[in-house]
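Morning, everyone. Please have a look at the model first.

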Amino acid sequence: MSFDTIAILDWSGGNDRGPRPKADAIWLAVVRQGVAEEPVYLRNRQVAEAALSELMAEEQAAGRRLFLGVDFPFGYPQGFAEALTGRADPLALWDWFETRIEDAPKSNNRFDLAGEINRRFGGTGPFWSNGLPRDIDGLPRTKQGYRNPFPDRRACEDRANGAFTCWQMAGAGAVGSQVFMGLPVLERLRRRFDVAVWPFEPLDRAVALVEVWPSLLAPRIAAERAPGEIKDRAQVRVLARGIADLPAETLTAMLDVTAPEEGWIFGLGFEAALAGPALAPPPLSNDCFALPPGVDWVPVDDALAHLRDTLDPVVAVEEAPLDEAEGRILAQEITARRSNPPQANSAVDGYGFAGPLPEGVARLPLVAGRAAAGVPFAGAVPSGQALRILTGAALPVGVDTVALQEDVTTDGGQIALNGPLKRGANARRAGEDVGAGDTVRRAGRRLTPADLALLAAVGHGALPLRRRLRVGVLSTGDEIRPPGSEAGPGQIFDANRPMLLALARRWGFAAVDLGIAPDDRAGLRDRLDAAAAQADVVLSSGGASAGDEDHMSALLREEGAMQLWRIAVKPGRPLALGTWGRVPVFGLPGNPVAALVCALIFARPALEVLAGGDWCVPQGFDVPAGFAKLKKPGRREYLRARMRGGRAEVFGSEGSGRISGLSWAEGLVELPDGAAEIAEGDPVRFLPFASFGV
């Protein structure tokens with residue numbers, strides 16, 4: 001099966017969103033005969049219906065087959081259509097809604113209609129959540145007292161991790177309102193054009209209406225979403241492109257679904273095919289490190305700002321189980337799939353009833369049974385009576401307040417306690433921590449164990465994550481020997497590579513040991529070619545200046561992708577930055593002290609951004625100096641330091657060859673760019689190594 005035109009519609013159940021493109025609005029993306037058009041913002045449903053009519057008329061007149069994907073359910077859980085219309089036909093529901101929904105750009109009757117439907121079934125469900133300031137008979141604002149005579153989800157929604165129920169009418173993830181306001185529009189289009197509705201009808205007509213859910217492609221959308229692009233716009237654009245690129249046989253297999261009453265989500269079970277090949281962001285441009293013309297010496301703050309403004313993620317997005325996510329970086333914002341707590345529950349062991357209690361002695365008859373965590377009480381507690389309830393148990397109907405068992409006496413038939421006790425005492429509200437649909441973590445977050453607890457609690461078992469950044473570490477120089485080997489006259493052991501590899505691992509990256517490259521231009525070129533195939537970014541040390549044997553900077557310059565930054569910093573100063581085969585290269589100084597300082601100050605935040613994370617700023621503290629120093633102007637200085645007796649001590653020598661000072665230190669004292677005269681007791685800025693993630 002094939003289509004000439006693919007169109008994807010992101011729908012909204014809300015009011016007119018105004019003339020300027022906004023999130024949570026209606027967006028339409030079209031790929032016509034393989035050519036993608038710019039997504040279109042549609043400010044309200046009236047404008048959207050006109051645009052869809054124009055699209056269908058144009059495609060039908062041109063003889064092109066149109067696949068129109070719409071992002072809300074086409075059917076309800078089993079039994080609802082027959083109960084409401086007398087026919088187990090989802091398209092009868094479309095007609096039913098079309099004759100009853102009243103819709104204008106700034107108002108509609110969806111909540112009143114939901115209340116009317118609920119009253120047909122006893123007034124406690126199936127719909128819930130009223131988004132209006134006035135109460136509506138039969139439509140509960142929360143799930144307190146809610147009863148649904150139908151299944152909560154369709155079969156496809158049980159398989160689609162994170163899909164919202166169609167019964168919710170307001171709040172985050174209010175799919176119910178989208179269905180109410182969308183089905184009438186689709187029904188009118190059915191009547192006007194040659195349309196088949198999937199999967200209820202054979203797709204043998206000019207237009208196929210297909211239910212889609214962009215969240216099936218969440219990792220791909222996150223990877224391809226442009227900086228600052230509205231999420232809804234990105235969703236329709238990426239999904240339209242993904243469907244347009246499908247082979248005809250794959251598309252046919254995806255559409256081979258039997259779901260005659262509830263409908264189905266297109267692509268469910270075929271997520272890998274829709275996602276396409278593993279996607280990575282575009283590589284950095286060769287001039288991303290270029291400084292403005294005329295810049296010579298670069299102040300530290302200017303260097304950091306330039307890196308922050310020009311770097312972007314270079315790693316792909318993948319989905320991984322929750323138990324593999326610790327220390328990984330989120331690729332997109334995560335919303336709660338369920339509330340925490342999911343229902344109102346008791347915070348203590350005690351007795352539940354309807355509060356409040358006035359001052360004085362209260363005696364309440366006990367209802368037979370009890371409520372416990374995981375074993376809810378099946379009935380309702382009558383007004384003026386109480387129920388035994390344990391910590392974590394869901395509050396049954398008729399209970400909103402819990403008295404501590406220590407404050408209660410009982411003879412087994414009634415309880416006695418002293419008031420007053422306010423309504424809601426010792427009870428947790430549903431969603432008081434996190435509500436369903438709330439954003440719980442944003443893209444760029446490096447996940448902690450506490451984050452995993454939160455994400456598990458709100459329903460996530462897998463997450464879209466950035467692949468771990470592969471950081472290659474290369475030492476250069478004929479004089480460098482591997483640690484533990486034999487070293488001859490004029491040779492030194494490689495201190496930088498073990499240090500930088502350990503830093504990369506400590507920062508949560510995948511460390512790639514690239515070994516030691518001799519001072520040979522051709523050999524170093526081969527090493528860099530190999531590094532570009534193994535790593536996403538390279539940290540090299542040595543050869544980063546402009547001397548005869550500084551082959552790293554010379555090779556990068558030959559490639560037309562090298563910038564030698566002379567940074568006004570001590571220790572450090574030369575920092576070679578460039579790209580090799582589109583892989584960013586950080587040429588650090590060869591001196592271990594300078595290499596560590598430059599890695600902490602410049603490489604660490606840059607690597608975090610390349611990995612898809614947030615720019616890192618070390619947390620410093622003003623503390624009394626335990627030393628005296630006269631500092632010259634012109635360069636920012638970082639002194640190896642540690643805290644003793646509430647004061648910052650500095651290492652006895654500032655010589656950059658004194659590696660022992662790195663092990664002695666617990667952090668750095670940062671001295672400003674200008675001249676400074678520091679006496680003991682003066683405040684200085686102390687940056688603990690822990691604030692650099694070390």
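The side chains of Arg233 and Glu229 form a salt bridge, 2.8 Å from N to O. The term means a side-chain nitrogen of Lys or Arg within 4 Å of a carboxyl oxygen of Asp or Glu. Arg233 and Glu229 are both buried; that label means under 20% relative accessible area, with exposed over 50% and partly exposed in between, using a 1.4 Å probe and protein chains only.

A word on the source. This is a predicted model, where local features need pLDDT of at least 70, side-chain atom pairs count only at pLDDT 80 or more, and totals for chains, interfaces and linings use all residues. Residues are numbered from 1 along each chain as its sequence is written, and side-chain values use heavy atoms, with hydrogens and water left out.

Back to the charges. The count comes to 43 salt bridges. Arg636 and Asp673 make one of them, at 2.8 Å, N to O. Arg636 lies in strand S34 and Asp673 in the loop between strands S36 and S37, so this pair ties together parts 37 residues apart in sequence. Helices (H or I, at least four residues) and strands (E, at least two) are DSSP runs, numbered from the N terminus. Arg636 is buried at 10% relative accessible area. Asp673 is partly exposed at 28%.

Strand S34 also holds Arg644. Arg644 bridges to Glu666, with the closest N and O atoms 2.9 Å apart. Arg644 is partly exposed at 37%, and Glu666 is partly exposed at 35%.

Now the rings. How many aromatic pairs does a search of the whole structure find? It finds 21. Rings of Phe, Tyr and Trp (its six-membered ring) pair if their centres lie within 6.5 Å; planes under 30 degrees apart are stacked, over 60 edge-to-face, the rest tilted. Tyr76 and Phe97 are stacked, 6.1 Å centre to centre with 20 degrees between the planes. Tyr76 is buried, at 2% relative accessibility. Phe97 is buried too, at 0%. Phe97 also pairs with Phe180, tilted, at 4.8 Å and 55 degrees. Phe97 is in helix H3 and Phe180 in helix H6, so that pair ties together parts 83 residues apart in sequence.

Last, the loop residue. Phe651 sits between strand S35 and helix H17. Is Phe651 buried or exposed? Phe651 is buried, because its relative accessibility is 14%. Its contacts (heavy atoms within 4.5 Å) include Arg640 and Trp664, leaving aside residues up to four places away in sequence.
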